[in-house]
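Please open the model in a viewer and keep the sequence at hand. The stops below are given in the order in which they may be selected.

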Amino acid sequence: MGLYVETRVRVDLDTLWERTQDPAEHQRWDLRFTEIAYLPVGPGVEDGPRRFRYAVRVPPFPAVAGTGVSAGERHRAGGDRVSALRFASPHPLSPLAEGSGYWRYVPGEDGIRFLTGYDYRPRWGRFGRVADRLVVRPLMGWATAWSFDRLRLWCEHGLTPERARAHWLLELAVRALLVALCAPHPVALAVACAAALLVPPSPRTPAARRCRRTPPDRSRAPRLLATLERP
C-alpha cells in the first residue's frame with residue numbers, strides 16, 4: 001500500500017471498532033470526509049459487505065462525492081480485527097479516481113495498535129500524477145495521521161472531535177499571531193517562525209507527528225480486501 005499510518009490507542013476494542021466502523025462516528029473525526037453513509041440494503045444483508053456514499057466539502061468549492069464498499073472481520077483467531085474497503089469517485093474535481101485500503105486493530109498490553117494502509121489511482125493524467133506526488137499524497141498522509149491522533153484523543157481523554165478541532169485552530173491562530181507580531185523585526189521573526197514550527201503542540205491538540213508513517217515491517221493487505229468488488 002502506498003500510504004501507511006499507525007497509532008496506539010488505549011481504549012477497549014469495541015469502542016474503537018464502533019467509532020471507526022459506524023459512519024456517523026467516523027465522519028466526526030476523519031478529516032478526509034465530511035459525510036459518510038451506508039446505502040440501503042435488504043433485510044438480512046447488514047452483516048455482509050456494505051456499500052456506502054461519501055462526500056468531501058471544502059468551501060467555496062462544490063462537494064466531491066463518491067461511493068465505496070467495505071467489509072469487516074470482528075472475530076479472528078489471533079484476537080485482532082480487520083476491515084477493508086474499495087472506493088471510487090466519478091467527480092471531475094476529485095484528485096482520487098479510485099482506490100482501496102484496510103484497517104487493522106491489534107490488541108496489546110499497552111493499547112490497541114490501530115493502523116491503515118491504502119493507495120489510489122490519481123486523476124488528470126500526467127498533471128495529476130505530478131500533483132499527487134508533490135501535493136495530494138503528502139496532504140492525504142498528513143490528514144490521515146492528524147485524524148488518527150484526533151481519534152486517539154477522543155478515545156483516551158474523552159476530548160470530542162469537535163473540541164479537538166477547536167483546540168487545533170486556536171493553536172494555529174496563536175502561532176500565526178506570534179509570527180505576525182514579530183514580522184517587523186528580522187531576528188525576532190526568525191525565532192518566532194522556528195518556534196511556530198518546532199514547539200510541540202499541546203497534549204490536547206491533534207498532531208500528525210505523533211503517528212508512525214512508515215510500517216515497522218513489511219505490511220501486507222488482508223485477504224478480505226481481495227474479496228471486495230469495485231464500487
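Helices (H or I, at least four residues) and strands (E, at least two) are DSSP runs, numbered from the N terminus. The coordinates belong to a predicted model.

Begin with Ser89, in the loop that lies between strand 5 (81-88) and strand 6. Is this residue, Ser89, buried or exposed? Ser89 counts as buried because its relative accessibility is 2%, and the cut-off for that class is under 20%. Next, display the side chain of Ser89: one of its polar atoms is 2.6 Å from the backbone oxygen of Ala65. Beyond its neighbours within four places in sequence, Ser89 is in contact with several residues, including Tyr54, Val64, Gly66 and Arg123. Ser94, Leu96 and Ala97 are also among the contacts of Ser89.

Now extend the selection to strand 1 (residues 3-9), which pairs with strand 7 (residues 111-122) in the antiparallel sense over 7 bridges. Here Val9 has Ile112 of strand 7 as its bridge partner. In a regular strand, side chains alternate between the two faces of the sheet.

Finally, select helix 3 (residues 125-157), where Val130 lies. Val130 counts as partly exposed because its relative accessibility is 37%. Together with Leu134 and Val135, Val130 forms a nonpolar surface patch with about 280 Å² of accessible area.

Key. Residues numbered from 1 in each chain as written. Predicted model: local features only at pLDDT ≥ 70, side-chain atom pairs only at ≥ 80, totals over all residues. Heavy atoms only, no water. Pairing = 2+ DSSP bridges. Patch = residues over 30% accessible without salt bridge, like charges linked within 9 Å, V, L, I, M, F, W, Y side chains within 5 Å. Areas by Shrake-Rupley, 256 points an atom, 1.4 Å probe, with all protein chains shown as cover. Salt bridge = Lys/Arg side-chain N within 4 Å of Asp/Glu carboxyl O. Buried < 20%, exposed > 50% of the residue type's maximum accessible area, 1.4 Å probe, protein only. Polar contact = N/O pair within 3.5 Å; in protein donor to acceptor, adjacent residues only side chain to side chain. Contact = heavy atoms within 4.5 Å.
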